[in-house]
Every structure is written in C-alpha cells, then in structure tokens.
Amino acid sequence: MRELTYVQALNEALRQAMTEDDSVFMIGENIRGGVRAETAGLDDAFGPERVLDMPISEAAFTGFANGAALAGMRPVVEFQVASLMFPAFDQIVNQAAKLPLMLGGQAHIPVTFLLMGAGAGGGRAGQHSDNPYTFLIHAGIKTVVPSTPADAKGLMLAAIFEDDPVALVVNSNLLGRTGDVPAGGERARLAKGAVRRAGKDVTVCAVGHLVPAALEAAGRLAEDGIEVEVWDPRSLLPFDKEGLAASVAKTGRLVIADDSARTCGFAAEVAGLVAERCFDSLRGPIKRVTRADVTVPYSTPIEQAMLPAADELEAAVRTLAA
Amino acid sequence: MSESRDPVEWYRRMRRLRRFEMRAAELVGDGEINGPVHEYIGEEAVAVGVCAALRADDVITSTHRGHGHILAKGGAPDRMFAELLGRESGYNRGRGGSMHIADFDLGIYGANGIVGAGAPMACGAAFTFKVRGEDRVAVPFFGDGAMNQGVLLESFNLAVILHLPVIFACENNGYAITSSIREMLGGDLARRAEGFGLPAQSVDGMDVCAVHAASAAAVERARAGGGPAFLEFRTARYSVHNIATGGRMRDNRSEETLAQARERDPIERLAGEITRGAGWEPGGRDAVDDEIEREIEGAVGFARNSPRPRAETALDYMYADTYPDFPAPGWEH
Ligand SMILES: Cc1ncc(C[n+]2csc(CCOP(=O)(O)OP(=O)(O)O)c2C)c(N)n1
Ligand SMILES: [Mg+2]
C-alpha cells in the first residue's frame, strides 16, 4: 500500500482498467492534454481513440457512450460537473437505465457515468453545487459514492467492469484527501457498506464527504462518552441493507447524514428501510441530517447555513443519546 | 436478410411491411394489441430501399414508427407480432412492445419511444466499428420532427468531427403528429444538415429505386472511410399518427392531401416498373402476395399461441448483475 490522494486513486483506476481491457475508453470535456488530474496522462498512454475530448454536447455524447456500450465497449463518460448530467438526462434515464429491461435481456449497457465536481461549499452557487445521486437512484442507475481514496479506486474499477450502467459521484471536497490505496486492481463489491469507526451508542450512516464529517463529530462525542458507529454505505444502489441493519441492531439509534435534498431524498429512503426492517431494535426516532430543500445560495453564510456538516451531526447524535 | 438489388425482392419486402401494418391495425381494433401502434403504411420504400443497401452486420436505430425498419432489416414477423401481443416469445419477451422492438443479431439496436434518441447511439456503435477496424456502418432512422431535437443536431456534429460511418436517414413525411413541418422548421431540412458539414441529399422517398441508389452510394462511401452523410427521404404516411385500443387519433390533414399521397403509392409504383421492365418470377405478382399473406397469418397464429410472461418475472432483465434483495420488490410483508 502507498498513500495517494483521492483524485490520484481515480486516475490509477482509469489507467489500470484501460490497460486491462481495451474495450474501456473515456470521453468527456477537456479530458486530454493532462489538465484534469483524474485523467492526467491517459491520452499520452492510450491515444486519442481511447481518450476523446467531446464537444459541449452532453446529451449526444452520453447517447454515444450508450451506443458504444451496446456494441460491446465499456465507455466511461465524464461529466465535468455533476449537474451537467441534467442536459443528458434522457440518455441516462430513458435509455441507459430503461433499455435493458425493455430489450428483454438482449443487450446490456456497461457504461460508467463519472460525475466530477459534485457537492457544495465552494461558492459555486446553485447550478454547480448539486450532489445529484438521488435522481440517479430514483431512475434505477446503480450509484456509488466513494469516501476514501481506496474506495475511489476500488469502486471505480467495480463500476467500469459491472455489466450495467453505474454512476460514480465524486464530491469536490474529497479530491485532495489522502489514504492508503492498494496497488493492485482489486474491485470493490457493490452493495457492501463499511464500518469506519465502531461504537455502541448511535449509528451514523454517512454518505460520501460526510463520512469524514461524521468521524470528526464522533471524535468530539467520544470525549463525552458517547460512542458513535460511523457506517459508510459506499454503494447507494444497490444498498447493503443487512450491513446497516446489523449496526442498528447493535446501537438501537440511527442518524443519517446525506448532503442532498431532504424531501424524498436518500436519507428518507434509508429511514424508511430501517423503520420497516429494524423497528424492534430502535430505541429512539430516526434522525436525518440533510440539505435544506432550497437551491444552494452563493454567499458563504447562507451557503453554509443550508448544508449539513459535523456540527449538525453532532447535535443530532446528542439529542438521541440524551 | 438485408442487402438486395432485386426489384422483386424489394416488392416482396414492401408488401410484407404493408400487410404487417394492416394486420397490426386490425389487431389493435380488436383489442388484441394493447398499446399504441404507429403505422408505417405509405413509407415502405424508405425502409426497404435503405436496408437493401445494408449488410446483415450493419446497424440501424429506429423510431416510434419502427415496424417497417425492423422488417426491412430482416426482423421476423412472428416474433414481432408476438412482441405486439405481449408474449414471452416476442423479440423483447413482451417487455418492450411496438416502440421498442430490437434484434441485436440482425443489427437492429431497437425502435425508440423518444424522438431523436437513437441517433447518438448509432454514432457510438459506428465509433466502435471504426476503432475496431471493421467496415460496418450505422444508420439512424428518424422523422422530420426529430430535426428539431437538440440531441440529433448534436449527433450530426459528433459524426462529422469523429468522421464516423453513419448515414442519417430522415423520413420527412411532412408532419410531427398534427404539426406541419412548414410551421415547425426554420430553414430547409437538408441545408440544415449541410450546415454541420454533412453531405446532404434530398430523395423521392416514394421511389424505392431512388432511395436504394442514394443509400447505396452513401453506404459505400462511409464503408470506405469517407465519413457520414445525410439523406432526406420525402415520403407520406397514409394513416393517422397512431392508433390504440379505444380509438384512433384525429387526423387534421385534408382528404385531398391524403389522396395525393396515395396516388404516389410506392408499392404500386414499383409493381408497375417490374411489370413494364424485367418482369415477375413465375406466378407473377399474385404469387408474391399470396406468399406474404400466408407468412403474416402464420406469424399472427404463432403470436396468439405463445404464452404471456409469468407475473413472477416482472422484475427480470433490468440488471445484468444482481444482488441479494435487488432490485427491490414493491412491498414487503
Ligand atoms: C422527445 C420526444 N418528444 C415528444 C414525443 C411525443 N411524440 C411522439 S412521435 C411525435 C412526432 C414525431 O414526428 P416525426 O419525428 O416527424 O416522426 P413521424 O411520427 O412523422 O414518423 C411526438 C411529438 C416523443 N416521443 N419524444
Ligand atoms: Mg414526421
């Protein structure tokens, strides 16, 4: 193992996948010339037929990837900013997600949607601050949200070699995070969560960049004798229902940390699941810590006020543990 | 079945398309077909002429009005009727219906319910052929209405900048449901394609010989690495936009317009040319018509005798790779 940054781990996964299988190729905007860290060096290594700069035509280049996937390729489509998937939504939802069932199993679409630039906090305002995984999950797109450099690599490899469309949502706040990353090409398993810190009092199910926030809150709470278990789903669809149920069975209390819209959001789904399956284990209400249901505003105090962070998580845990 | 230069074979195919659609319309009327059906009647020369210029390993994408393209590329009427009747033996195992029939073994990447959506996929398939060094081509079919869809126009540009073996086949029947192209489209359709750098040609889509000649030339160029092209086929649909159980849509076109279109009937036109020219096979035109009649009735019989999908299979085929408890059922007890 060596230490890599999260974005270096993404780059290494792309490089290894393209080396391993020549049907893997990558398309996106401005991905050649080594300007973007996740694709650095790929065009030098693999050439312009496997690393293609695309015109600003998200709908067409997503459909292009779907067609190549139907023809037997494993394309990786980069959206420069996560919210730029919206211009391509027909090709993601009506085509990539729906066609396999409607074709009755005749063909698969092994495409990877790499959503860079997700998340808020950088003064990017409403159109560049989305964490749009719930839209994808709702459409039936398998969706992974890696929180560590090791997962950035392992889940990227898993996404590329899965025979279905998979979206990998990359939060900008995580890109510089460092951690041990295996040198080999091991693929992570979808539908498998991970305990990031063990504890017996309260489970915090935290998504993506809120995993570090939850660990920070857990550190503070431990000083007051409250032992938090931080559980990272890693893969939101499919979801490790058994893994979360095991944690809740142990703690009896659940806080869900999800930096996306509250209403009909991912946290709501997890809450519903736990209420249905683990009712007898619960010793208190389920708490959700999410974004407010508004567009992300620009100016820092109001931007920060509507986003979930370690402080809000800590407060939620305290109300349950009291 | 695909490539052919034989006018009698073209006649057989056009006749098959028409009889298939007439029979499908009856089954909609009788309530045997459940969903909407968009009849291709009147436009047969386009699908048959284009597909006769294609090899079996070339690829097409199709539209909501897709039966004709699929039959012309070699689709089997029995498995198509089975799909329309929602049977497990249908092309899509009864999961797609009229607007989604596909056969990947025949290079049919599927009809599509979203106007314009097939074009970028055809480009992606063509790119795959190109990087693999194969001389296959891809043909997205689409209507005049699709010419106002951004994704189609974006696809023109992609095909040009990547120099892809794609022939864009525009079926200009003058209408998008009730809206006339005269009111909906600025500029000229073929000139618009030219603006993207596509060689463009406007062709009489009621003349299968002209359709085939233009298609064969574009296909030959694309196969040899000459890049994409755009073909406009001026055609006419005889029926309303679509029909469904419970009623026909209203047609806002005048009787006169429709009568003029029928006078240019592509099947009668070809039949006349065969009679005046090379002549029929023994048995004449009637023999071909009888053969098609038997084929269509046999296909309907096959569909009717096939079982419907079992309820327990409703969650199947969404994913290639499944996991425990995934996809989730709608309720837990
Ligand atoms: C993107 C999209 N918008 C609207 C529709 C509804 N719709 C279905 S067919 C159609 C008209 C299409 O006209 P055209 O492309 O000319 O094909 P035609 O029906 O004439 O063969 C419309 C508006 C749709 N299916 N997809
Ligand atoms: Mg039309």
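Leaving aside neighbours within four places in sequence, Arg192(B) is in contact with Met147(B), Asn148(B), Leu153(B), Leu185(B) and Gly186(B), where contact means heavy atoms within 4.5 Å. I begin with that residue and then turn to the sheets and helices. The model is a predicted one, in which local features need pLDDT of at least 70 and side-chain atom pairs count only at pLDDT 80 or more, while totals for chains, interfaces and linings use all residues. Residues are numbered from 1 along each chain as its sequence is written, chains are lettered from A and ligands numbered from 1 in the order in which they are written, and side-chain values use heavy atoms, with hydrogens and water left out.

Arg192(B) lies in helix α8 (residues 189-195) of chain B. Helices (H or I, at least four residues) and strands (E, at least two) are DSSP runs, numbered from the N terminus. One of the contacts of Arg192(B) is Leu153(B); these two are 39 residues apart in sequence, and their C-alpha atoms are 9.2 Å apart in space.

Let me stay with chain B for a helix pair. Helix α1 (residues 7-29) of chain B packs against helix α2 (residues 44-51) of chain B at an angle of about 135°, the axes being 9 Å apart. This angle makes α1(B) oblique to α2(B). As to the terms, axes are lines fitted to C-alpha atoms, for helices over the stretch in contact, and angles run from 0 to 180 degrees between N-to-C directions. Angles under 35 degrees count as roughly parallel, over 145 as roughly antiparallel, 65 to 115 as roughly perpendicular and the rest as oblique. The α1(B) and α2(B) crossing is right-handed, that is, the near helix is turned clockwise from the far one by less than a right angle. On the α1(B) side are Trp10(B), Arg13(B), Met14(B), Leu17(B) and Arg18(B), which meet Glu44(B), Ala45(B), Ala47(B) and Val48(B) of α2(B). Of the residues in this contact, six are nonpolar, none is polar and three are charged. Here Ala, Val, Leu, Ile, Met, Phe, Trp, Tyr, Cys and Pro count as nonpolar, Asp, Glu, Lys and Arg as charged, and the others, Gly among them, as polar.

I now turn to chain A. In which order do the seven strands of its open sheet run? The order is β3-β2-β4-β5-β7-β6-β12, with mixed pairing; two strands pair if DSSP finds at least two bridges between them. At the edges stand β3 (51-53) and β12 (235-237) of chain A, each with a single partner strand, so one side of each has no neighbour in the sheet. On average, neighbouring strands of this sheet are turned by 20° against each other, direction ignored.

Within that sheet, four bridges join strand β2 (residues 24-28) of chain A to β4(A) in parallel, and Met26(A) stands opposite Val76(A). Strand β4 (residues 74-79) of chain A is in turn joined to β5(A) by four bridges, again running parallel, with Glu78(A) opposite Leu114(A). On its way to strand β7 (residues 166-171) of chain A, β5(A) forms five bridges, also parallel, and Thr112(A) faces Val166(A) there.

Helix α1 (residues 6-20) of chain A and helix α7 (residues 149-161) of chain A have axes that come within 8 Å and cross at roughly 30°. That angle makes α1(A) roughly parallel to α7(A). The residues of their contact divide into 12 nonpolar, one polar and three charged.

Finally, five strands of chain A form an open sheet in the order β9-β11-β10-β13-β14, with mixed pairing. Its edge strands, β9 (194-197) and β14 (287-290) of chain A, each pair on one side only. Helix α8 (residues 210-223) of chain A lies across β9, β10, β11 and β13 (254-258) of chain A, at about 170° to β11(A).
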